[in-house]
Amino acid sequence: MFARICSWIGLICGLLSAIGGVFMSVPAVWSVPWLSQPNVAISEFPEMPIGLGLAAILLSRHGRRFGGWLGLIGIVLAVRPLFRLRTTIDRNTAAMRDGLGATFEAELPPVALIHSTRAPLDFVGQMRERQNTEAHIHVTHDVLFHVADGNELRVDVYEPIGGDGPHPAMLSLHGGSWRSGDKGGFYVGHNRWLARQGYVVVDVQYRLSPLAIWPEHLRDVKAAIRWTRTNADRFGIDPERIAIMGRSAGAHLALMAAFTPCDPAFPPEAGMTERDDVAAVVAMYAPTDLPLLQETVHGSLSYWLGERIADRPDVYRDASPLFRVGANAPPVLLAHGGRDNLVVPEHSERLHRRLRELGRTSVLLHYPWGRHGFDFSLNGLGGQMLQYDMDRFLAWTLRDRSKGANHDT
């Protein structure tokens, strides 16, 4: 009886392991969320199919060998990212030094990284620091920052408790193809992590399409930047050290905001500062070239741009960070997964090359196994590695130069 139960459990574990391995191997199917989301999750946590596969092999000794063979297939398919870890870490370390300078690490304020992990992959340290965030940050939810066409837009503000202020700030923009998503969600853990590092994180809502047509989304983002700078004293923010980050559609908006400072097409509201510039931008899997995006995705982008590319190609170019970036661009950190088939890596590669041509500071991080949304968890392979380098990029770009390189951010 015991052997029979073990053999059935082994068969189930083997089947799940093989399915997990297959999910890691096939392209994402973004039109079917219940397929695409496991595809991303398992790619970031290969230990799941590997563990199930090992269990299947061990349990198959009691009977059904088929479960063990399935487990072996799952392990073989799932173990591939692990062989790329060392190369990926070395490549991204070289990218950081190439973008920020060979000695940039010596310029980092030591206190700014006191709560960060000490290695790109540090499961124990990452979990320990995450457990400590609750006691060291304060969160204010649903703060009204802008009213647009009768729509009240709000932010969640994550403030560090203690430490010398004023603090640098980070605005966070969610993804969702410009038509879905909201502040919070999967990335609350990342917001708390940054607040624990000493940043005031402002998690921003913006209007969504098709109710809002471009460039209303960007107008909302610029309003959020101005609101943050206007309320710097209220939240203990240094108005000269405000950065912005985004994911997917949010990354596009973050880059567009960073590349169009003080654009007269986006005047400030009464009572708000005119300044909407930022000191740095972090963009994960950003669509930077909208004509390219139109070519590589199914469907039309007219639902948020208001025009078809065949009718108004100039609208698509004008809304593309690649064609709006100029010689005044702030330092940029780009991150992209090699297996992203929704926004292909060429988007980040093209923008990185353009920034370097302009002589601007740019770092491009690459994760060969990464899918669109690979950084959804701080504990995943890509999430940990990205956050490690992001912590150091922000510590370098947002360091308080008026107080010396070794002062707290």
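Start with helix α4: select G67, G68, L70, G71, G74, I75 and A78, which are buried. Now look down the axis of α4. The buried residues fall within an arc of 160°, so they line one face of the helix. Keep in mind that this is a predicted model.

Turn to the other side of α4. Select R65, F66, W69 and V76; these residues are exposed.

Next, show the whole of α4, residues 65-78. The helix has 14 residues. From its first C-alpha to its last, α4 reaches 20 Å, close to the 20 Å expected at 1.5 Å a residue.

**Into the cavity**

How many cavities of 30 Å³ or more are there? The count comes to one. The volume of the largest cavity is about 40 Å³. To find its lining, select I89, N92, T93, P120, M385, Y388 and D389. Two elements give two or more residues to this lining: α5 (80-100) and α16 (381-397). Color the lining by class. You get four nonpolar, two polar and one charged residues.

**Last stop: cysteines**

Select C13. Is C13 buried or exposed? C13 counts as buried, because its relative accessibility is 12% and the cut-off for buried is under 20%. Then select C262. With a relative accessible area of 46%, C262 is partly exposed.

Finish with a search for disulfides. A disulfide is a covalent bond between the sulfur atoms of two cysteines. This structure holds zero disulfides.

Note on methods:
Residues numbered from 1 in each chain as written. Predicted model: local features only at pLDDT ≥ 70, side-chain atom pairs only at ≥ 80, totals over all residues. Heavy atoms only, no water. 1 Å grid on protein atoms, 1.4 Å probe; cavity = no way out; pocket = protein on both sides within 12 Å on 5 of 7 lines; lining within 4 Å. Points joined across faces, edges and corners; volume = space filled by probe spheres on them. Helix = DSSP H or I, 4+ residues; strand = E, 2+ residues; numbered from the N terminus. Nonpolar A, V, L, I, M, F, W, Y, C, P; charged D, E, K, R; others polar. Expected span 1.5 Å × (residues − 1). Buried < 20%, exposed > 50% of the residue type's maximum accessible area, 1.4 Å probe, protein only. Arc of directions from axis to C-beta. Disulfide = S-S within 2.5 Å.
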